[in-house]
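Open the model in your viewer and keep the sequence panel beside it. This tour tells you what to select at each stop.

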Amino acid sequence: MLASAGGTSWDPQDLARVLLVASGVLVVCIAAVRATARSGLPTLLIYLAIGLVLGEGVIGIDFESDAIGQVLGYAALVLILTEGGLTTRWSAIRRSVAPAAALSTVGVVVSVLVTAVCAHWLLGLDWHIAMLIAAIVSSTDAAAVFSVLRRVPLPRRLSGMLEAESGFNDAPVVILVVALSARAADPAHAEPWWLLGLTATLELVGGGIVGIVVGYLGGQLVRRTASVTSGLFSIGVIAVSVLAYSVAVSAHASGFIACYLASLVMGNMTMPHRAAMLGFAESVGWLAQIGLFVMLGLLASPSTLLEQVPAALLLGFALLLVARPLSVIVSLTPFGVPWRDQAFLSWAGLRGAVPVVLATVPVTIGARGVDWVFDLVFVLVVLFTLIQAPTLPWVARRLGVTEVALATDVMVESEPLERLGADLVEVSVGEGSRMHGVRVFELRLPKGANVSLVVRDGESFVPGPQTLVRAGDQLLVVCGRGLRRDVERRLRAVSRDGRLAGWHRPSP
C-alpha cells in the first residue's frame, strides 16, 4: 500500500478509479482531434473544456495547487519542445532563423511594452502588474498555430518562421515573467533593468551552448549504444533532450532553449530508426499536450472566469491589433520580409498553453494580489483562439500566402527504406497548381527519384511515364536520402511554372 502525504492510503481500487478517469479522458481527447480538424479549431479548446468539466465547478475534482501546476506545466513544455525540435528540419527553417530570433527577442520586448501601456491605460493597472501580464501573454504557441494550419499549405518561408519562433520565444518569455514576478513580489529589492537584460542574454546564450553541445554529444552516444532496438533508441533520444534542459537549469541558463536546440540538433543528425523515433516523439508530445491542457482546465474556476471577459477582450484586441503587428514590423522589416507575410504572421500569433502555465508563476513566487491573473489569461487565450483560429485559413488565402503544391514528409515504418537510405515524399497538388495536366515524365525529377504511386479520388494506382497529373492528386515520390531537397525544388518549380519550368528561368 502507498501512503499519501495526508496520511490516507491507496489501494488497487483507488488505482483502478484513477486509471478509469485518465484512460477515459485520453480516449475522449483522441476522438476530439478529428472533430477539431473539421471545425478548424485547435484541440486545446477541447482539452481545456474537459479539464473544466472534471474540475470543481462540475464533476468536483479538486485541484488548486499552482505550484504543482507550474511544475507539471514545465515538464509538459519540455516534452512539447522536444517533439518540436526533433520534427523540425534545419533546411526548412535555416533561412528563417535570423528573423525568427529577432521576433522572439526584439519582438517580445516590443510586444510587452505596447501591451503593458494598453493594460495600464485601458484597465487602470499598476505598471508592475501591467508589465507582468504583458509578458505572460507575449508568447505564441506552435501547437495551436499548426493544429489550425494543417489544412493550409504555407510556403517554407512562413512555416519555417513560425516553427523557429515558437521554438525560440518560450525561453526569453519565461525569463522575463520570472524576473517581473520577483519584482512584483518584492519591489524594494528588484534588480535594475539593465541587469535584468544582461542576465536574460547570458541565460539564453548559455542555454544555447548547452543545448547544442549536449544534443550533439548525446545524439552520438545514443546512436552508438542504443541503436539495436527502435524503442530503446527513441527513449534515449528523449532522455538526452530532457538532460539538456536539466543541465542548463542547473547551470542557471535557459533550460527551454537548451531542450529545443538539443532536439533540433539530434533531429537533423543521421540517425537509425528515424521514423520510429519521430513517431514516438510525436506520441509523447500529444500526451504532454493533452495532460497539460486538461490540467490547466482543472486549475481554472468556472465561477470566476466570466467576470474577466471584458478585460480579456480589451487586452486581447490590443495585443492582436496593436502589439503583435508592431512587434512583427519592428522585428522583420530589416530582413525585407514582404508586407503580406508580416500581415499573416501578425494574425497567426495564437496564444496557447505557455501563457496559461506562466500565469501560475507570480503566485508561486509570492506576488500578492495577483490570483485573478490566471483567470484573465485563461479567458484571453480561449476567446482569441475562437476569434483567430477559424479565420487563419481565410486570412492566408486572402493575403495570397498559400502554396498550391506542398511536399511534406511522411511517417513510414519501413526498415527497408531505412537501410536503403531512401526518403518518401508526399506531394499534394492544389487547385491552382500548374502541375495539373503535366505528364509524369515531364516532371523531370532528378535521377534516382520516381513517382511510385498516385492517389486520386480515394483510389490509388502506379503511374506510368504518360500518366497525367491532375489537381487534387496526391503523389508519393521515392528518392535517395540526398535527393529530397532537389526533388522538392523541382516539384515547386513545376507547380509554379508548369512543364516548361527550368527552361526559361532557373528553378529556385
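At what angle do helix α11 and helix α12 pack, and how far apart are their axes? Hold that question for a moment while the ground rules are set. This is a predicted model, in which local features need pLDDT of at least 70, side-chain atom pairs count only at pLDDT 80 or more, and totals for chains, interfaces and linings use all residues. Residues are numbered from 1 along each chain as its sequence is written, and side-chain values use heavy atoms, with hydrogens and water left out.

**The whole chain**

Show the protein chain as a cartoon. It has 22 helices and seven strands. Helices (H or I, at least four residues) and strands (E, at least two) are DSSP runs, numbered from the N terminus. Of the 508 residues, 51% are buried. Buried means under 20% relative accessible area, exposed over 50%, and partly exposed in between (1.4 Å probe, protein chains only). Take the contacts between residues at least 6 apart in sequence: 79% of them join residues at least 24 apart. Contact means heavy atoms within 4.5 Å.

**Stop one: α11 and α12**

Select residues 230-250 for α11 and 255-267 for α12. The two helices pack at an angle of about 150°, with axes 8 Å apart. That makes α11 roughly antiparallel to α12. Angles under 35 degrees count as roughly parallel, over 145 as roughly antiparallel, 65 to 115 as roughly perpendicular, and the rest as oblique. Axes are lines fitted to C-alpha atoms, for helices over the stretch in contact, and angles run from 0 to 180 degrees between N-to-C directions.

Now show side chains. From α11, the contact includes Val237, Val240 and Ala244. From α12, Phe256, Cys259 and Met266 are among the residues that take part. The contact residues divide into 11 nonpolar, three polar and no charged. Ala, Val, Leu, Ile, Met, Phe, Trp, Tyr, Cys and Pro count as nonpolar, Asp, Glu, Lys and Arg as charged, and the others, Gly among them, as polar.

**Stop two: along α11**

Stay on α11. Its buried residues include Phe233, Ile238 and Tyr245. What covers the buried residues of α11 includes α3 (66-86), α10 (193-225), α12 and α13 (274-299).

Most residues other than glycine have a negative phi. Select histidine 252, in the loop between α11 and α12. Histidine 252 has a positive phi of about 60°. Is histidine 252 buried or exposed? Histidine 252 is exposed, with a relative accessible area of 67%.

Jump to arginine 444, in the loop between β4 (422-429) and β5 (449-456). Arginine 444 has a positive phi of about 50° although it is not a glycine. Arginine 444 is partly exposed, at 38% relative accessible area.

Select valine 284 in helix α13. Valine 284 is buried, with a relative accessible area of 17%.

Finish with α2 (residues 44-54), which packs with α13 at an angle of about 45°, their axes 6 Å apart. α2 and α13 are therefore oblique to each other. Tyr47, Leu48 and Leu52 are among the α2 residues in the contact, and Trp286, Ile290 and Phe293 are among those of α13. This contact divides into 12 nonpolar, three polar and no charged residues.
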